[in-house]
Amino acid sequence: MRYSQMLIPTVKEVPNDAEIISHQLMIRAGLMRKLASGTYTYLPAGWRVLLKVMNIVRSEMNKAGAQEILMPAVQPMELWQKTGRDVDYGPTMAKFKDRHERWNVLAPTAEEVVTYIVAGELNSYKQMPFNIYQISFKFRDEFRPRFGVLRSREFIMKDSYSFHANFECLDKTYKVMYETYKRIFARAGVPYVIVEAESGEMGGTGSHQFTVPCENGEDVIVYSEDSSYAANIEKAAVDPMPKATPDANTPAIEEVATPDIKTIEQLCEFFKCRASSFIKTLIYTVGVENPKVVAAVVGGNQDVNPEKLTQVFGGQHVELASDEIVAKATGAPVGFAGPVGLASKVDSIIIDHSITAMKVGVAGANKADCHLKNVVPGRDFALEGANVKIADIRNAVEGDTYNGKRLLFKRGIEVGQVFKLGTKYSAKIGANFLDENGQSQPAIMGCYGIGINRIMASAIETGNDKDGIIWPISIAPFEVIITPVSEEDEIKQAAEDIYKKLNELGVEVLLDDRDARGGVKFKDADLLGIPVRITIGKKTLAEGKVELKVRSESEVKKIDLGGAAEQVSKLVKEMKAKLDVEA
(Lines give C-alpha, C1' and ligand atoms only; values in the text may rest on other atoms or scores of the structure.)
Protein backbone atom coordinates (compact mmCIF):
# COMPACT_ATOMS: atom_id res chain seq x y z
CA MET A 1 0.00 0.00 0.00
CA ARG A 2 0.99 3.61 -0.57
CA TYR A 3 0.70 5.98 2.35
CA SER A 4 -0.71 8.71 0.10
CA GLN A 5 -3.66 6.48 -0.76
CA MET A 6 -4.50 5.43 2.80
CA LEU A 7 -6.59 7.09 5.49
CA ILE A 8 -4.15 7.22 8.40
CA PRO A 9 -5.02 10.48 10.21
CA THR A 10 -2.28 10.69 12.85
CA VAL A 11 -2.46 13.47 15.43
CA LYS A 12 0.07 14.96 17.84
CA GLU A 13 -2.31 15.88 20.65
CA VAL A 14 -3.39 13.41 23.33
CA PRO A 15 -7.21 13.21 23.37
CA ASN A 16 -8.75 14.71 26.51
CA ASP A 17 -10.90 11.68 27.28
CA ALA A 18 -8.14 9.10 26.69
CA GLU A 19 -6.98 8.01 30.15
CA ILE A 20 -4.61 5.16 29.26
CA ILE A 21 -1.81 4.73 26.74
CA SER A 22 -3.59 2.23 24.46
CA HIS A 23 -6.59 4.55 24.07
CA GLN A 24 -4.31 7.54 23.45
CA LEU A 25 -2.19 5.79 20.85
CA MET A 26 -5.12 4.19 19.03
CA ILE A 27 -6.51 7.68 18.48
CA ARG A 28 -3.16 9.39 17.80
CA ALA A 29 -2.02 6.69 15.35
CA GLY A 30 -5.27 6.96 13.41
CA LEU A 31 -6.41 3.43 14.21
CA MET A 32 -9.91 4.43 15.31
CA ARG A 33 -12.22 7.35 16.02
CA LYS A 34 -14.90 7.74 18.66
CA LEU A 35 -18.49 7.83 17.43
CA ALA A 36 -20.29 7.99 20.78
CA SER A 37 -19.58 6.98 24.36
CA GLY A 38 -18.06 3.50 24.26
CA THR A 39 -18.41 3.01 20.48
CA TYR A 40 -15.67 3.41 17.88
CA THR A 41 -15.13 3.32 14.14
CA TYR A 42 -12.02 1.37 13.17
CA LEU A 43 -10.05 3.10 10.42
CA PRO A 44 -8.01 1.18 7.81
CA ALA A 45 -4.82 0.66 9.84
CA GLY A 46 -6.78 -0.33 12.95
CA TRP A 47 -9.01 -2.69 11.02
CA ARG A 48 -5.94 -4.38 9.50
CA VAL A 49 -4.73 -5.10 13.05
CA LEU A 50 -8.10 -6.50 14.10
CA LEU A 51 -8.29 -8.68 10.97
CA LYS A 52 -4.87 -10.13 11.78
CA VAL A 53 -5.95 -10.91 15.34
CA MET A 54 -9.12 -12.53 14.01
CA ASN A 55 -7.13 -14.56 11.49
CA ILE A 56 -4.87 -15.92 14.24
CA VAL A 57 -7.90 -16.81 16.35
CA ARG A 58 -9.71 -18.38 13.39
CA SER A 59 -6.64 -20.36 12.33
CA GLU A 60 -6.10 -21.88 15.78
CA MET A 61 -9.79 -22.55 16.38
CA ASN A 62 -10.03 -24.38 13.07
CA LYS A 63 -6.92 -26.41 13.89
CA ALA A 64 -8.61 -27.41 17.15
CA GLY A 65 -11.58 -28.79 15.21
CA ALA A 66 -14.03 -25.97 15.92
CA GLN A 67 -16.47 -24.94 13.20
CA GLU A 68 -17.27 -21.31 12.44
CA ILE A 69 -20.85 -20.04 12.33
CA LEU A 70 -22.52 -16.64 12.61
CA MET A 71 -25.47 -15.91 14.88
CA PRO A 72 -27.82 -12.90 14.89
CA ALA A 73 -26.94 -9.77 16.84
CA VAL A 74 -30.63 -9.33 17.73
CA GLN A 75 -31.94 -12.00 20.09
CA PRO A 76 -35.46 -12.70 21.44
CA MET A 77 -35.81 -11.68 25.08
CA GLU A 78 -37.74 -14.85 25.95
CA LEU A 79 -34.59 -16.94 25.54
CA TRP A 80 -32.89 -14.86 28.22
CA GLN A 81 -35.94 -15.10 30.45
CA LYS A 82 -35.75 -18.90 30.24
CA THR A 83 -32.29 -18.87 31.80
CA GLY A 84 -32.90 -15.94 34.14
CA ARG A 85 -29.96 -14.01 32.76
CA ASP A 86 -32.17 -11.08 31.81
CA VAL A 87 -32.07 -10.35 35.54
CA ASP A 88 -28.37 -11.17 35.92
CA TYR A 89 -27.36 -8.69 33.21
CA GLY A 90 -29.88 -6.07 34.35
CA PRO A 91 -29.38 -2.59 32.83
CA THR A 92 -26.19 -3.74 31.09
CA MET A 93 -28.45 -5.50 28.60
CA ALA A 94 -29.56 -3.26 25.73
CA LYS A 95 -33.12 -4.15 24.77
CA PHE A 96 -35.86 -2.78 22.56
CA LYS A 97 -39.35 -3.56 21.31
CA ASP A 98 -39.88 -4.26 17.63
CA ARG A 99 -42.95 -3.20 15.62
CA HIS A 100 -44.79 -6.27 16.88
CA GLU A 101 -44.26 -5.22 20.52
CA ARG A 102 -41.84 -8.09 21.12
CA TRP A 103 -38.82 -7.49 23.33
CA ASN A 104 -35.42 -8.10 21.77
CA VAL A 105 -31.85 -7.95 23.03
CA LEU A 106 -28.68 -6.63 21.39
CA ALA A 107 -26.43 -9.64 21.90
CA PRO A 108 -24.09 -9.25 24.90
CA THR A 109 -23.11 -12.90 24.36
CA ALA A 110 -24.77 -15.94 22.77
CA GLU A 111 -25.16 -18.89 25.16
CA GLU A 112 -28.95 -18.83 24.94
CA VAL A 113 -29.03 -18.53 21.17
CA VAL A 114 -26.50 -21.26 20.45
CA THR A 115 -28.23 -23.62 22.87
CA TYR A 116 -31.57 -22.92 21.20
CA ILE A 117 -30.06 -23.65 17.78
CA VAL A 118 -28.49 -26.90 18.95
CA ALA A 119 -31.73 -27.93 20.71
CA GLY A 120 -33.39 -28.03 17.30
CA GLU A 121 -30.67 -30.21 15.74
CA LEU A 122 -29.42 -32.50 18.51
CA ASN A 123 -30.90 -35.99 18.83
CA SER A 124 -28.26 -38.56 19.75
CA TYR A 125 -25.07 -38.85 21.75
CA LYS A 126 -23.46 -39.97 18.49
CA GLN A 127 -23.62 -36.38 17.19
CA MET A 128 -21.25 -35.18 19.93
CA PRO A 129 -18.81 -33.78 20.71
CA PHE A 130 -18.71 -30.70 18.53
CA ASN A 131 -17.49 -27.16 19.00
CA ILE A 132 -18.94 -24.17 17.12
CA TYR A 133 -17.74 -20.57 17.24
CA GLN A 134 -18.32 -17.13 15.84
CA ILE A 135 -16.43 -13.84 15.66
CA SER A 136 -18.90 -11.00 15.92
CA PHE A 137 -19.81 -7.69 17.51
CA LYS A 138 -21.39 -7.73 20.97
CA PHE A 139 -23.07 -4.93 22.86
CA ARG A 140 -23.27 -4.22 26.58
CA ASP A 141 -24.68 -0.95 27.85
CA GLU A 142 -21.87 -0.21 30.28
CA PHE A 143 -22.75 2.40 32.89
CA ARG A 144 -19.36 4.05 32.53
CA PRO A 145 -17.50 3.19 29.32
CA ARG A 146 -13.81 3.99 29.80
CA PHE A 147 -10.27 3.08 28.80
CA GLY A 148 -11.09 3.02 25.10
CA VAL A 149 -11.83 -0.51 23.90
CA LEU A 150 -11.06 -2.08 27.29
CA ARG A 151 -14.46 -1.03 28.66
CA SER A 152 -16.52 -0.16 25.62
CA ARG A 153 -20.20 -0.71 24.90
CA GLU A 154 -19.64 -2.36 21.52
CA PHE A 155 -16.81 -4.84 21.07
CA ILE A 156 -15.69 -7.79 18.95
CA MET A 157 -15.63 -11.19 20.61
CA LYS A 158 -14.82 -14.72 19.57
CA ASP A 159 -17.26 -16.93 21.44
CA SER A 160 -17.32 -20.70 21.04
CA TYR A 161 -19.52 -23.41 22.52
CA SER A 162 -18.87 -27.12 22.83
CA PHE A 163 -21.48 -29.85 23.39
CA HIS A 164 -20.83 -33.20 25.05
CA ALA A 165 -22.50 -36.37 26.20
CA ASN A 166 -20.50 -36.57 29.45
CA PHE A 167 -18.17 -34.55 31.65
CA GLU A 168 -15.11 -36.58 30.69
CA CYS A 169 -15.60 -35.47 27.11
CA LEU A 170 -16.05 -31.85 28.23
CA ASP A 171 -12.77 -32.05 30.17
CA LYS A 172 -10.93 -33.16 27.02
CA THR A 173 -12.28 -30.27 24.93
CA TYR A 174 -11.65 -27.83 27.78
CA LYS A 175 -7.99 -28.86 27.81
CA VAL A 176 -7.80 -28.53 24.02
CA MET A 177 -9.23 -25.00 24.21
CA TYR A 178 -6.91 -24.15 27.10
CA GLU A 179 -3.88 -25.09 24.97
CA THR A 180 -5.39 -23.40 21.89
CA TYR A 181 -5.71 -20.14 23.80
CA LYS A 182 -2.08 -20.34 24.86
CA ARG A 183 -1.07 -20.60 21.19
CA ILE A 184 -3.38 -17.76 20.15
CA PHE A 185 -1.96 -15.28 22.66
CA ALA A 186 1.63 -16.36 22.00
CA ARG A 187 1.17 -15.93 18.24
CA ALA A 188 -0.43 -12.53 18.82
CA GLY A 189 2.68 -11.53 20.76
CA VAL A 190 0.98 -10.55 24.02
CA PRO A 191 2.39 -11.72 27.37
CA TYR A 192 -0.21 -13.49 29.49
CA VAL A 193 -0.82 -15.35 32.73
CA ILE A 194 -3.51 -17.95 33.41
CA VAL A 195 -5.50 -17.66 36.63
CA GLU A 196 -8.42 -19.43 38.24
CA ALA A 197 -11.63 -17.47 37.74
CA GLU A 198 -15.24 -17.34 38.82
CA SER A 199 -17.86 -18.10 36.19
CA GLY A 200 -19.99 -15.07 37.10
CA GLU A 201 -23.18 -14.69 35.06
CA MET A 202 -21.99 -17.55 32.85
CA GLY A 203 -22.51 -20.15 35.57
CA GLY A 204 -20.88 -23.57 35.48
CA THR A 205 -18.38 -25.59 37.43
CA GLY A 206 -14.96 -24.26 36.50
CA SER A 207 -13.18 -21.46 34.68
CA HIS A 208 -9.74 -20.07 33.84
CA GLN A 209 -8.94 -16.53 32.78
CA PHE A 210 -6.15 -15.45 30.43
CA THR A 211 -4.86 -12.07 31.54
CA VAL A 212 -2.23 -9.69 30.19
CA PRO A 213 -0.40 -8.09 33.16
CA CYS A 214 -0.19 -4.31 32.85
CA GLU A 215 -0.63 -1.28 35.08
CA ASN A 216 -3.75 -0.01 33.35
CA GLY A 217 -5.70 -3.25 33.49
CA GLU A 218 -9.11 -3.24 35.17
CA ASP A 219 -8.74 -6.79 36.49
CA VAL A 220 -6.79 -7.63 39.63
CA ILE A 221 -4.65 -10.76 39.64
CA VAL A 222 -3.94 -12.33 43.02
CA TYR A 223 -1.00 -14.73 43.31
CA SER A 224 1.00 -16.35 46.08
CA GLU A 225 4.56 -15.27 46.78
CA ASP A 226 5.86 -18.68 45.67
CA SER A 227 3.72 -18.54 42.46
CA SER A 228 1.98 -21.80 43.40
CA TYR A 229 -1.44 -20.15 43.20
CA ALA A 230 -3.04 -17.49 40.99
CA ALA A 231 -6.62 -16.31 40.60
CA ASN A 232 -8.52 -13.21 39.68
CA ILE A 233 -9.88 -11.09 42.51
CA GLU A 234 -13.38 -12.58 42.19
CA LYS A 235 -12.04 -16.10 42.76
CA ALA A 236 -9.05 -15.54 45.04
CA ALA A 237 -9.39 -17.52 48.26
CA VAL A 238 -7.80 -16.49 51.55
CA ASP A 239 -6.78 -18.40 54.66
CA PRO A 240 -9.05 -17.98 57.69
CA MET A 241 -7.55 -15.73 60.32
CA PRO A 242 -6.91 -17.07 63.81
CA LYS A 243 -10.02 -16.76 65.96
CA ALA A 244 -9.83 -14.06 68.57
CA THR A 245 -10.16 -14.80 72.27
CA PRO A 246 -12.79 -12.41 73.68
CA ASP A 247 -11.64 -10.10 76.45
CA ALA A 248 -13.81 -10.64 79.49
CA ASN A 249 -13.24 -7.02 80.51
CA THR A 250 -14.75 -5.54 77.34
CA PRO A 251 -17.57 -3.17 78.40
CA ALA A 252 -21.15 -3.80 77.37
CA ILE A 253 -22.49 -2.49 74.08
CA GLU A 254 -23.00 1.25 74.07
CA GLU A 255 -25.29 3.07 71.62
CA VAL A 256 -23.75 6.20 70.12
CA ALA A 257 -25.66 8.84 68.14
CA THR A 258 -24.12 9.27 64.70
CA PRO A 259 -26.42 11.67 62.85
CA ASP A 260 -25.89 11.66 59.06
CA ILE A 261 -22.74 9.56 59.39
CA LYS A 262 -22.92 6.54 57.07
CA THR A 263 -19.63 5.91 55.30
CA ILE A 264 -16.59 4.17 56.76
CA GLU A 265 -14.53 7.32 56.18
CA GLN A 266 -16.99 9.43 58.17
CA LEU A 267 -17.10 6.83 60.95
CA CYS A 268 -13.31 6.69 61.17
CA GLU A 269 -13.23 10.44 61.66
CA PHE A 270 -16.06 10.38 64.20
CA PHE A 271 -14.76 7.48 66.32
CA LYS A 272 -11.07 8.34 65.79
CA CYS A 273 -10.12 4.81 64.79
CA ARG A 274 -9.17 2.78 61.72
CA ALA A 275 -11.54 1.18 59.22
CA SER A 276 -10.46 -2.26 60.42
CA SER A 277 -12.20 -1.51 63.75
CA PHE A 278 -15.64 -1.48 62.11
CA ILE A 279 -18.03 -4.31 61.35
CA LYS A 280 -19.71 -3.57 58.03
CA THR A 281 -23.11 -5.09 57.21
CA LEU A 282 -24.64 -5.00 53.72
CA ILE A 283 -28.11 -6.24 52.80
CA TYR A 284 -28.64 -8.30 49.63
CA THR A 285 -31.47 -10.14 47.93
CA VAL A 286 -30.92 -13.68 46.67
CA GLY A 287 -32.96 -15.25 43.89
CA VAL A 288 -35.37 -13.79 41.36
CA GLU A 289 -38.79 -15.15 42.30
CA ASN A 290 -39.61 -14.56 45.97
CA PRO A 291 -36.09 -13.36 46.73
CA LYS A 292 -34.65 -13.90 50.16
CA VAL A 293 -33.13 -11.08 52.19
CA VAL A 294 -29.63 -11.80 53.47
CA ALA A 295 -27.00 -9.86 55.35
CA ALA A 296 -23.30 -10.02 54.49
CA VAL A 297 -20.93 -9.04 57.30
CA VAL A 298 -17.29 -8.06 56.66
CA GLY A 299 -14.66 -5.81 58.17
CA GLY A 300 -14.88 -2.07 57.64
CA ASN A 301 -11.69 -2.13 55.58
CA GLN A 302 -12.99 -4.93 53.36
CA ASP A 303 -15.30 -5.29 50.35
CA VAL A 304 -17.91 -7.98 49.91
CA ASN A 305 -17.06 -10.16 46.91
CA PRO A 306 -20.38 -10.62 45.03
CA GLU A 307 -19.07 -13.67 43.18
CA LYS A 308 -18.12 -15.46 46.39
CA LEU A 309 -21.46 -14.54 47.94
CA THR A 310 -23.20 -15.91 44.86
CA GLN A 311 -21.39 -19.23 45.29
CA VAL A 312 -22.54 -19.43 48.92
CA PHE A 313 -26.09 -19.52 47.55
CA GLY A 314 -25.41 -22.05 44.83
CA GLY A 315 -25.06 -19.59 41.96
CA GLN A 316 -28.40 -17.85 42.52
CA HIS A 317 -28.72 -14.23 41.44
CA VAL A 318 -27.44 -11.90 44.17
CA GLU A 319 -27.77 -8.13 44.20
CA LEU A 320 -27.69 -5.29 46.71
CA ALA A 321 -31.11 -4.74 48.22
CA SER A 322 -33.11 -1.61 47.48
CA ASP A 323 -33.37 1.17 50.05
CA GLU A 324 -36.94 0.04 50.79
CA ILE A 325 -35.92 -3.56 51.47
CA VAL A 326 -33.03 -2.43 53.68
CA ALA A 327 -35.32 -0.20 55.72
CA LYS A 328 -37.91 -2.95 56.11
CA ALA A 329 -35.33 -5.58 57.12
CA THR A 330 -33.23 -3.51 59.50
CA GLY A 331 -35.59 -0.78 60.64
CA ALA A 332 -33.07 1.81 59.51
CA PRO A 333 -31.99 3.57 56.34
CA VAL A 334 -28.98 2.42 54.32
CA GLY A 335 -25.74 2.94 56.23
CA PHE A 336 -26.90 1.87 59.69
CA ALA A 337 -27.26 -1.92 59.37
CA GLY A 338 -25.45 -4.09 61.90
CA PRO A 339 -25.32 -7.76 62.93
CA VAL A 340 -26.63 -7.30 66.49
CA GLY A 341 -30.21 -8.54 66.68
CA LEU A 342 -30.38 -8.96 62.91
CA ALA A 343 -30.71 -12.77 62.73
CA SER A 344 -34.43 -12.67 63.46
CA LYS A 345 -35.08 -10.00 60.81
CA VAL A 346 -33.44 -11.53 57.71
CA ASP A 347 -33.46 -14.95 56.04
CA SER A 348 -29.71 -15.49 56.38
CA ILE A 349 -26.59 -13.85 57.75
CA ILE A 350 -23.29 -14.69 56.06
CA ILE A 351 -20.32 -13.60 58.15
CA ASP A 352 -16.84 -13.44 56.67
CA HIS A 353 -14.38 -15.53 58.65
CA SER A 354 -12.22 -12.44 59.27
CA ILE A 355 -14.89 -11.23 61.68
CA THR A 356 -14.14 -14.17 63.97
CA ALA A 357 -10.63 -12.72 64.36
CA MET A 358 -12.00 -9.44 65.79
CA LYS A 359 -12.07 -8.98 69.54
CA VAL A 360 -14.25 -5.90 69.51
CA GLY A 361 -15.61 -3.44 66.98
CA VAL A 362 -18.12 -0.76 66.01
CA ALA A 363 -21.27 -1.70 64.08
CA GLY A 364 -24.49 -0.22 62.83
CA ALA A 365 -27.34 -0.23 65.37
CA ASN A 366 -30.17 -1.03 62.92
CA LYS A 367 -31.51 2.33 63.97
CA ALA A 368 -31.34 5.62 62.15
CA ASP A 369 -28.39 7.83 63.05
CA CYS A 370 -27.02 5.33 65.57
CA HIS A 371 -24.06 2.97 65.87
CA LEU A 372 -22.94 0.54 68.54
CA LYS A 373 -19.49 0.41 70.07
CA ASN A 374 -17.93 -2.35 72.18
CA VAL A 375 -19.49 -4.98 69.90
CA VAL A 376 -17.92 -8.40 70.51
CA PRO A 377 -18.45 -11.07 67.82
CA GLY A 378 -19.86 -14.23 69.41
CA ARG A 379 -20.99 -12.34 72.50
CA ASP A 380 -23.27 -9.73 71.00
CA PHE A 381 -24.24 -11.53 67.81
CA ALA A 382 -24.10 -15.21 66.96
CA LEU A 383 -21.37 -16.68 64.80
CA GLU A 384 -23.34 -19.85 64.21
CA GLY A 385 -26.97 -20.83 64.03
CA ALA A 386 -29.78 -22.03 61.80
CA ASN A 387 -29.53 -19.00 59.51
CA VAL A 388 -25.99 -17.85 60.33
CA LYS A 389 -22.98 -19.07 58.37
CA ILE A 390 -19.26 -18.30 58.38
CA ALA A 391 -17.73 -18.16 54.88
CA ASP A 392 -15.08 -16.49 52.74
CA ILE A 393 -17.13 -13.67 51.14
CA ARG A 394 -14.66 -10.81 50.78
CA ASN A 395 -11.97 -9.66 48.38
CA ALA A 396 -8.43 -10.63 49.22
CA VAL A 397 -6.34 -7.70 50.49
CA GLU A 398 -2.71 -6.97 51.31
CA GLY A 399 -1.63 -9.06 54.27
CA ASP A 400 -3.80 -12.05 53.39
CA THR A 401 -2.35 -15.51 52.83
CA TYR A 402 -3.47 -18.64 51.03
CA ASN A 403 -2.10 -22.06 51.98
CA GLY A 404 0.18 -20.13 54.30
CA LYS A 405 1.77 -18.10 51.49
CA ARG A 406 1.52 -14.33 51.33
CA LEU A 407 -0.74 -13.04 48.55
CA LEU A 408 0.51 -10.44 46.10
CA PHE A 409 -1.46 -8.30 43.67
CA LYS A 410 -1.03 -6.91 40.18
CA ARG A 411 -3.33 -5.47 37.56
CA GLY A 412 -4.11 -6.97 34.19
CA ILE A 413 -6.38 -7.01 31.15
CA GLU A 414 -8.65 -10.02 30.70
CA VAL A 415 -8.28 -11.16 27.08
CA GLY A 416 -9.90 -14.57 27.26
CA GLN A 417 -11.76 -16.95 29.51
CA VAL A 418 -12.79 -20.61 29.29
CA PHE A 419 -15.77 -22.06 31.16
CA LYS A 420 -17.25 -25.44 32.00
CA LEU A 421 -20.93 -24.59 31.76
CA GLY A 422 -22.35 -28.01 32.50
CA THR A 423 -26.12 -28.19 31.87
CA LYS A 424 -27.11 -24.69 33.02
CA TYR A 425 -28.35 -23.67 29.56
CA SER A 426 -29.19 -27.00 27.94
CA ALA A 427 -31.49 -28.06 30.77
CA LYS A 428 -33.46 -24.81 30.67
CA ILE A 429 -33.67 -24.43 26.89
CA GLY A 430 -34.14 -28.11 26.09
CA ALA A 431 -30.94 -29.08 24.28
CA ASN A 432 -31.41 -32.78 25.04
CA PHE A 433 -30.11 -35.99 23.45
CA LEU A 434 -30.74 -39.71 23.78
CA ASP A 435 -27.86 -41.48 25.52
CA GLU A 436 -26.62 -45.04 24.90
CA ASN A 437 -29.53 -46.39 26.92
CA GLY A 438 -32.13 -44.39 25.05
CA GLN A 439 -32.61 -42.00 27.97
CA SER A 440 -33.05 -38.27 27.39
CA GLN A 441 -30.25 -36.16 28.88
CA PRO A 442 -29.35 -32.46 28.69
CA ALA A 443 -26.17 -31.79 26.71
CA ILE A 444 -23.11 -30.84 28.71
CA MET A 445 -21.58 -27.56 27.52
CA GLY A 446 -18.34 -25.64 27.51
CA CYS A 447 -17.84 -22.01 26.53
CA TYR A 448 -14.69 -20.18 25.41
CA GLY A 449 -14.43 -16.42 24.81
CA ILE A 450 -11.74 -14.06 23.51
CA GLY A 451 -11.84 -10.26 23.37
CA ILE A 452 -10.50 -9.37 19.92
CA ASN A 453 -10.30 -5.62 20.63
CA ARG A 454 -8.66 -6.29 23.97
CA ILE A 455 -5.81 -8.22 22.35
CA MET A 456 -5.19 -5.15 20.20
CA ALA A 457 -5.21 -2.81 23.22
CA SER A 458 -3.12 -5.21 25.32
CA ALA A 459 -0.44 -5.34 22.64
CA ILE A 460 -0.21 -1.55 22.80
CA GLU A 461 -0.27 -1.41 26.61
CA THR A 462 2.67 -3.82 26.75
CA GLY A 463 4.44 -2.55 23.63
CA ASN A 464 5.02 1.20 23.46
CA ASP A 465 7.54 3.93 24.13
CA LYS A 466 7.56 7.72 24.11
CA ASP A 467 7.35 7.73 20.30
CA GLY A 468 4.38 5.44 19.84
CA ILE A 469 3.34 1.82 19.41
CA ILE A 470 5.69 -1.17 19.18
CA TRP A 471 3.62 -3.91 17.54
CA PRO A 472 4.33 -7.63 17.56
CA ILE A 473 4.96 -8.30 13.89
CA SER A 474 2.14 -10.85 13.69
CA ILE A 475 -0.59 -8.23 14.24
CA ALA A 476 1.07 -5.00 13.02
CA PRO A 477 -0.91 -3.11 10.36
CA PHE A 478 2.12 -3.53 8.06
CA GLU A 479 5.33 -5.48 8.53
CA VAL A 480 7.64 -2.98 6.81
CA ILE A 481 7.54 0.72 6.03
CA ILE A 482 9.76 2.29 3.36
CA THR A 483 10.69 5.88 4.08
CA PRO A 484 12.33 7.90 1.29
CA VAL A 485 13.52 11.15 2.89
CA SER A 486 13.70 13.37 -0.19
CA GLU A 487 12.11 13.76 -3.59
CA GLU A 488 15.14 13.11 -5.81
CA ASP A 489 14.31 10.77 -8.66
CA GLU A 490 16.98 8.23 -7.75
CA ILE A 491 15.66 8.01 -4.16
CA LYS A 492 12.09 7.63 -5.30
CA GLN A 493 13.10 4.98 -7.81
CA ALA A 494 15.07 3.02 -5.21
CA ALA A 495 12.04 3.12 -2.91
CA GLU A 496 9.78 1.91 -5.72
CA ASP A 497 12.15 -0.93 -6.60
CA ILE A 498 12.33 -2.20 -2.99
CA TYR A 499 8.57 -1.76 -2.61
CA LYS A 500 7.89 -3.84 -5.72
CA LYS A 501 10.32 -6.57 -4.71
CA LEU A 502 8.96 -6.84 -1.14
CA ASN A 503 5.43 -7.19 -2.49
CA GLU A 504 6.64 -9.98 -4.77
CA LEU A 505 8.23 -11.68 -1.75
CA GLY A 506 4.91 -11.56 0.10
CA VAL A 507 5.89 -8.91 2.64
CA GLU A 508 3.18 -6.50 3.82
CA VAL A 509 4.79 -3.16 3.06
CA LEU A 510 3.73 0.47 3.30
CA LEU A 511 5.53 2.95 1.05
CA ASP A 512 5.53 6.43 2.54
CA ASP A 513 5.28 8.31 -0.75
CA ARG A 514 3.88 11.48 0.81
CA ASP A 515 5.34 14.88 0.00
CA ALA A 516 6.47 15.43 3.58
CA ARG A 517 9.67 16.06 5.48
CA GLY A 518 11.72 13.09 6.63
CA GLY A 519 11.14 13.98 10.29
CA VAL A 520 7.37 13.84 9.82
CA LYS A 521 7.63 10.44 8.15
CA PHE A 522 9.84 9.07 10.92
CA LYS A 523 7.45 10.28 13.64
CA ASP A 524 4.45 8.73 11.90
CA ALA A 525 6.30 5.45 11.32
CA ASP A 526 7.18 5.22 15.02
CA LEU A 527 3.69 6.29 16.09
CA LEU A 528 2.14 3.59 13.90
CA GLY A 529 4.61 1.08 15.32
CA ILE A 530 5.47 -0.69 12.08
CA PRO A 531 8.09 -3.30 13.08
CA VAL A 532 10.70 -2.72 10.34
CA ARG A 533 11.67 0.55 8.66
CA ILE A 534 13.80 0.99 5.54
CA THR A 535 15.10 4.53 5.15
CA ILE A 536 16.44 5.73 1.80
CA GLY A 537 18.47 8.92 1.89
CA LYS A 538 20.81 10.70 -0.47
CA LYS A 539 24.00 10.01 1.46
CA THR A 540 23.46 6.30 2.08
CA LEU A 541 22.17 5.76 -1.44
CA ALA A 542 25.39 7.27 -2.79
CA GLU A 543 27.16 4.49 -0.90
CA GLY A 544 24.87 1.90 -2.49
CA LYS A 545 23.15 1.29 0.82
CA VAL A 546 19.90 1.92 2.72
CA GLU A 547 19.21 2.10 6.45
CA LEU A 548 17.41 -0.70 8.29
CA LYS A 549 15.86 -0.21 11.71
CA VAL A 550 13.73 -2.54 13.82
CA ARG A 551 11.11 -0.53 15.75
CA SER A 552 11.81 -2.28 19.05
CA GLU A 553 15.58 -1.67 18.81
CA SER A 554 17.72 1.46 18.87
CA GLU A 555 20.37 0.28 16.42
CA VAL A 556 20.29 1.50 12.81
CA LYS A 557 22.07 -0.72 10.28
CA LYS A 558 23.26 0.00 6.78
CA ILE A 559 22.55 -2.77 4.30
CA ASP A 560 23.31 -3.11 0.59
CA LEU A 561 20.68 -1.64 -1.71
CA GLY A 562 20.96 -4.58 -4.09
CA GLY A 563 19.86 -7.24 -1.62
CA ALA A 564 17.81 -5.03 0.71
CA ALA A 565 14.42 -6.55 -0.13
CA GLU A 566 15.67 -10.12 0.30
CA GLN A 567 17.41 -9.30 3.59
CA VAL A 568 14.34 -7.54 4.97
CA SER A 569 12.08 -10.38 3.85
CA LYS A 570 14.32 -12.85 5.68
CA LEU A 571 14.23 -10.67 8.83
CA VAL A 572 10.43 -10.49 8.74
CA LYS A 573 10.17 -14.27 8.42
CA GLU A 574 12.54 -14.72 11.38
CA MET A 575 10.52 -12.31 13.53
CA LYS A 576 7.28 -14.11 12.67
CA ALA A 577 8.85 -17.53 13.18
CA LYS A 578 9.96 -16.54 16.67
CA LEU A 579 6.35 -15.95 17.71
CA ASP A 580 5.28 -19.22 16.11
CA VAL A 581 7.96 -21.09 18.03
CA GLU A 582 6.84 -19.49 21.30
CA ALA A 583 3.30 -20.62 20.50
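Which residues line the largest cavity? Hold that thought for a second, because a cavity here has a set meaning: on a 1 Å grid over the protein atoms alone, it's a set of points where a 1.4 Å probe fits but cannot get out, and lining residues have an atom within 4 Å of a point. The answer is Ile-481, Ala-525, Asp-526, Ile-530, Arg-533, Lys-549, Val-550 and Arg-551.

Quick housekeeping. This is a predicted model, so local features need pLDDT of at least 70 and side-chain atom pairs count only at pLDDT 80 or more, while totals for chains, interfaces and linings use all residues. Residues are numbered from 1 along each chain as its sequence is written, and side-chain values use heavy atoms, with hydrogens and water left out.

Back to that cavity. Its volume is about 40 Å³, where volume is the space filled by probe spheres set on the points, and points are joined across faces, edges and corners. Both α13 (518-528) and β31 (545-550) give at least two lining residues; helices (H or I, at least four residues) and strands (E, at least two) are DSSP runs, numbered from the N terminus. The lining splits into 4 nonpolar, no polar and 4 charged residues.

How many cavities of 30 Å³ or more are there? There are 2.

Arg-151 and Glu-218 sit in a salt-bridge network with Glu-19, Glu-142 and Arg-146. The whole count is 41 salt bridges.

Let me pick out a couple. Glu-60 and Arg-183 pair up at 3.0 Å, N to O. Glu-60 is in helix α2 (residues 44-63) and Arg-183 in helix α6 (residues 167-187), so the pair ties together parts that are 123 residues apart in sequence. Is Glu-60 buried or exposed? Glu-60 is buried, at 3% relative accessible area, whereas Arg-183 is partly exposed at 28%. For the cut-offs, buried is under 20% relative accessible area, exposed is over 50%, and partly exposed is in between (1.4 Å probe, protein chains only).

Then there's Arg-514 with Asp-512, whose closest N and O atoms are 2.8 Å apart. Both Arg-514 and Asp-512 are buried.

Key
A salt bridge is a side-chain nitrogen of Lys or Arg within 4 Å of a carboxyl oxygen of Asp or Glu. On a 1 Å grid over the protein atoms alone, a cavity is a set of points where a 1.4 Å probe fits but cannot get out, and a pocket is an open set with protein on both sides within 12 Å along at least five of seven lines; lining residues have an atom within 4 Å of a point. Ala, Val, Leu, Ile, Met, Phe, Trp, Tyr, Cys and Pro count as nonpolar, Asp, Glu, Lys and Arg as charged, and the others, Gly among them, as polar.
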